[in-house]
Amino acid sequence: MSFRPDHEIHRRRFGRNLGLGLALAGFVVLVFGLTVVKVSRTGDMIAEQARDGAAAP
Amino acid sequence: MTRTRAFDPTDRAPGLEAGFGDYVALLKPRVMSLVVFTAAVGLLVAPVPVHPVVALASILFIALGAGASGALNMWWDADIDAVMRRTARRPVPAGRVSADEAMAIGLALSGIAVMMLALAANLLAAGLLAFTIFFYAVVYSMWLKRLTPQNIVIGGAAGAFPPVIGWAVATGGVSVESLMMFALIFMWTPPHFWALALFMKDDYSKAGVPMLTVTHGRRATRRHILVYTLLLVPVALGAGLTGLGGPAYLAISCVLNLWFVIGALRIWRRDEAAAEADGYRVEKAVFRFSLTYLFLQFGAFLLEHALRLLGLGGW
């Protein structure tokens, strides 16, 4: 069984799709990382406020 | 706003399929590298520490915004890019990406970059990024570039904003330090681009762009390079007297500025015959040095900050 060799256009399309896929994956990782940082900081702030509130007379 | 269409913006050259690299080129990666560096310095030298993930994300979104404005510039300027030797191989004039596609990418990425920077950092930083994109795409590309020989002088503000945005990401505000970084890039831009215009001889006149070389002649351009370089010196040294500076910065800045002034003096003293005879050797050397100058100036801010953290830098 023989496969036809890819045309230049197909190679370019594959490169474009791969590049876009990797860029989107990177974006997802970045947003996930940001979310983790923001959520953990908000958690810290809430805990701090609760501590301050408990300490207040 | 006058613009001559050299080709149908919806047309891509037949048989040409854009690769991923063409879309990357649309974002002007070399300009982006300067934006990333100056924004990173603005963010890192600020007195408020930023979480590394927030810092990384913010710099990426600032770079994305800069890239988006580059794509909008390539969409609008496709007609003049096509006739300039320096820009004729860009993806739009070369027919690998249609002008309309470039506009769509530019608008979409602008929206994403501004929105994400607002979420990652704060509204001021996002607002400054939005204004920078507007300034570069509309004020510079659509309005000033084809209207006045002062295009580079005023348009230089667009490239001067990244460190201010970086500073705003960290502090949530604008201060004299971030304004000095702005002023440094703002004053550096005209001599940098006019040196380029001197050796890109026919490009701007062929494209009908009213660069100083075209409207006021090459002698006047040489004089302007010297004057703006002399004006740059007090700005660069003045930045060293703010919270950004210190002995190390000032020492490095003195050497860099002396070097730049010597280069500008050499450009000013030459005439066209001498420049043509050696293939614009001095002009090309000053243009290349001006890039090094900016990287080292901002590198010196960073060095001074690092020394300050070790208890060795600052005033």
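Which helices of chain B are included in what covers the buried residues of α12(B)? In this predicted model, the cover includes α8, α11 and α14 of chain B. The buried positions of α12(B) are Tyr249(B), Ser253(B), Asn257(B), Phe260(B), Gly263(B), Ala264(B) and Ile267(B). The helix itself contains 23 residues, and the distance from its first C-alpha to its last is 33 Å, close to the 33 Å expected at 1.5 Å a residue.

Helix α14(B) comprises 29 residues and extends 42 Å between its first and last C-alpha atoms, close to the expected 42 Å at 1.5 Å a residue. Its buried residues are Glu283(B), Val286(B), Phe287(B), Ser290(B), Tyr293(B), Leu294(B), Gln297(B), Phe298(B), Ala300(B), Phe301(B), Glu304(B) and His305(B). These residues pack against α2, α8, α11 (217-239), α12 (247-269) and α13 (272-277) of chain B. Gly311(B), which follows α14(B), has a positive phi near 80°.

Two packed helices are described by the angle between their axes and the distance between the axes. For α8(B) and α14(B), the angle is about 160° and the axes are 8 Å apart. Because angles over 145 degrees count as roughly antiparallel, α8(B) and α14(B) are assigned to that class. The crossing of α14(B) by α8(B) is left-handed. On α8(B), the contact is made by Leu184(B), Ile185(B), Trp188(B), Pro191(B), His192(B), Ala195(B), Leu196(B), Leu198(B) and Phe199(B). On α14(B), the contributing residues are Glu283(B), Lys284(B), Val286(B), Phe287(B), Ser290(B), Leu294(B) and Gln297(B). By class, the residues of this contact are 11 nonpolar, three polar and two charged. Among those from α14(B), Glu283(B) and Gln297(B) take part in the contact and are also buried.

Buried within α2(B) are Val35(B), Phe37(B), Thr38(B), Ala39(B), Ala40(B), Val41(B), Gly42(B) and Leu43(B). The helices of chain B against which these residues pack are α3 (52-76), α7 (151-171), α8 (176-199) and α14 (281-309).

Chains A and B are also in contact, with 10 residues contributed by chain A and 10 residues by chain B. On the side of chain A that touches chain B, four residues are nonpolar, three are polar and three are charged.

Terms used
Residues numbered from 1 in each chain as written. Chains lettered and ligands numbered in written order. Predicted model: local features only at pLDDT ≥ 70, side-chain atom pairs only at ≥ 80, totals over all residues. Contact = placed C-beta atoms within 7 Å. Nonpolar A, V, L, I, M, F, W, Y, C, P; charged D, E, K, R; others polar. Buried ≥ 20, exposed ≤ 12 C-beta atoms within 10 Å, placed from the backbone. Helix = DSSP H or I, 4+ residues; strand = E, 2+ residues; numbered from the N terminus. Axes fitted to C-alpha atoms, helices over the stretch in contact; angles between N-to-C directions. Parallel < 35°, antiparallel > 145°, perpendicular 65-115°, else oblique. Left-handed = near helix turned anticlockwise from the far one by under 90°. Expected span 1.5 Å × (residues − 1).
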